[in-house]
Amino acid sequence: MLPTRLCIMRKLPSVLARMLTSGTSASPGLPDMSEGFFLTRDHVQAMQERKALHTLLAKRQEDLPPRRMKDSYLEVILPLGSQPEIREKYLNVYNSVRFGRILEDLDSLGVLICYTHTKQEMQQRSPLSIVTALVDKINLCQKIIRPDCDIKFTGNVSWVGKTSMEVRMHMLQQHDGDYSPVLDATFVMVARDPENKRPAFVNPLIPESPEEEEIFKQGELNKLKRIEFSTASLLKMAPTAEERNIVHDIFLNTLDTRTVSFRSRKLPPSSVWMEDAKLKGLEICHPEERNIFNRIFGGFLMRKAFELGWATACSYGGSRPFIVSVDDIMFQKPVEVGSLLMLSGQVCYTEKNYIQIRVHSEVYNANTKEHHTTNIFHFTFISENEVPQVVPKTYGESMLYLDGKRHFTAVMKDI
């Protein structure tokens, strides 16, 4: 049985996204996170102070003491029910909880769990910089999160590589005195040196029971699945024979039979061209959302991408969409303060009431006129009503369609 470290969130939600345990009765064993979620001290001075921490880094993973899963286990309470004053920033127009805020909290909790795993008793400050590498998956089992009931987050490190850690987290909500499951999340975090320039070793993880052995093995399998999925990417490999047939069938179904031309296309009934199923947004990345390395928090990026994805699904389906799953969010490139963050939400696959959304984010450098992709987000929504079929017209759109279908199929296997 994992021991309980209970932390209660008391600060305003905008701060909660960075410091889940700020101003709480947290256990003395929890790490000092001031250097990891810096907002108040002089930025340059803080970076200079962190340079001195290089001497605390381990030269080999074998030099670090092994950890158990229970060593990193945390429980965190978000008191929406018992402290009504913090509800405002979690509330949406449907009088339920904003899922984008939950994404921010999960990201911060994942970092905190990893700092707990790597905490060294003799060190007052951690020399590691823990950053989010990817969101493997988030699966929800409840459509609506109530704003008037306390929420409990739990989680621990479930798998460890040389410099990376998989974190499993669960969210529950209190109903009639009992906590009911809301979602399960799997994040992968990486450890970097004090200046966030190079990888750094983390403490190995030792399973203590057959159940923990299975959890650890699953972490290894998750890693292999990600490699396999990446290898088969449509940006690298041609579609399978079955996928080629799907694309060709769509092409034949959209030909105008009144003409003998490959260029003359006709939209089938109850369908929408893919080019007409997108929304775009722009964010100016202000210092308010930065970390100590002058980069934008991953949780903030996830919230903004989710909100655009939700709006895209809402606009397309014509009714309120509910999030079903988040998967395969890769943080490819950091977003610097001052960047122009351009977000593009695209409906890439539909099936009955389901809408698969892909949000592409990129930064634009006004000086060089260059665009660089930072993230690709994948969201699966379910609409209240059956939605039109999205139809690709070009080859590029057909690849987006097949990629969306792959993600949707993978999500359906898990839920």
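Student: What makes R295 and E336 a salt bridge?

Tutor: Good place to start, and keep in mind that this is a predicted model. The closest N and O atoms of R295 and E336 are 3.1 Å apart. The cut-off is 4 Å between a side-chain nitrogen of Lys or Arg and a carboxyl oxygen of Asp or Glu, so the pair qualifies as a salt bridge. The pair also links distant parts of the chain: R295 lies in the loop between strand 8 (278-284) and helix 6 (298-317), and E336 lies in the loop between strand 9 and strand 10, 41 residues apart.

Student: Why does E336 count as partly exposed?

Tutor: E336 has 32% relative accessibility.

Student: Which residues are linked in a network of salt bridges?

Tutor: That network links R98, R101, E104, R303 and E307.

Student: Let's turn to the rings. How many aromatic pairs does the count come to?

Tutor: There are 9 aromatic pairs by the rule used here. One of them is F377 with F379, a stacked pair with 6.2 Å centre to centre and 5° between the planes.

Student: What makes the pair of F379 and F381 tilted?

Tutor: The angle between their planes is 45°, and their centres are 6.3 Å apart. Centres within 6.5 Å make a pair; an angle under 30 degrees counts as stacked and over 60 as edge-to-face, so 45° leaves the F379 and F381 pair as tilted. The 5° of F377 and F379 falls under 30 degrees, so that pair is stacked.

Student: How do you know that F379 is buried?

Tutor: Its relative accessible area is 0%. Buried means under 20%, so F379 qualifies. F377, F379 and F381 belong to one aromatic cluster, together with F99 and F306.

Student: Which residue stands opposite F379 in strand 12?

Tutor: V326 does. Strand 9 and strand 12 (residues 370-383) run antiparallel to each other over 8 bridges. Two bridges are enough to call strands paired, so 8 settles the matter. Strand 9 (residues 321-331) also pairs with strand 3 (residues 129-140), in the antiparallel sense over 5 bridges, and there V135 has I329 as its bridge partner.

Student: What makes strand 9 mostly covered?

Tutor: Of its 11 residues, 9 are buried.

Student: How many residues are between strand 11 and strand 12 in their hairpin?

Tutor: There are 4, and K369 in that turn has a positive phi of about 65°. Strand 11 and strand 12 pair in the antiparallel sense over 12 bridges, with H360 and I376 as bridge partners. The hairpin of strand 10 and strand 11 has 2 residues between the strands, and K352 takes a positive phi near 55°. Strand 10 (residues 340-351) and strand 11 (residues 354-365) are antiparallel over 11 bridges, and G345 stands opposite V359.

Student: What makes the charged end of K143 sit over the ring of F322?

Tutor: The charged end of K143 is 4.4 Å from the centre of the F322 ring. That is within the 6 Å limit, and the call also requires a place within 35 degrees of the ring normal. The charged end of K393 sits over the ring of W273, also 4.4 Å from its centre.

Student: One more. Which residues form a nonpolar patch on the surface?

Tutor: L221, L224 and I227, with about 270 Å² of accessible area together. Take L224, which lies in helix 4 (residues 210-231). L224 has 47% relative accessibility; patch members need over 30%, so L224 passes that test. Since 47% lies between 20% and 50%, L224 counts as partly exposed.

Conventions:
Residues are numbered from 1 along each chain as its sequence is written. This is a predicted model: local features need pLDDT of at least 70, side-chain atom pairs count only at pLDDT 80 or more; totals for chains, interfaces and linings use all residues. Side-chain values use heavy atoms; hydrogens and water are left out. Buried means under 20% relative accessible area, exposed over 50%, partly exposed in between (1.4 Å probe, protein chains only). Rings of Phe, Tyr and Trp (its six-membered ring) pair if their centres lie within 6.5 Å; planes under 30 degrees apart count as stacked, over 60 as edge-to-face and the rest as tilted. Patches are made of residues with over 30% relative accessible area and no salt bridge: like charges are joined within 9 Å, nonpolar side chains (Val, Leu, Ile, Met, Phe, Trp, Tyr) within 5 Å. Accessible areas come from the Shrake-Rupley method with a 1.4 Å probe; for residues, only the protein chains shown count as cover.
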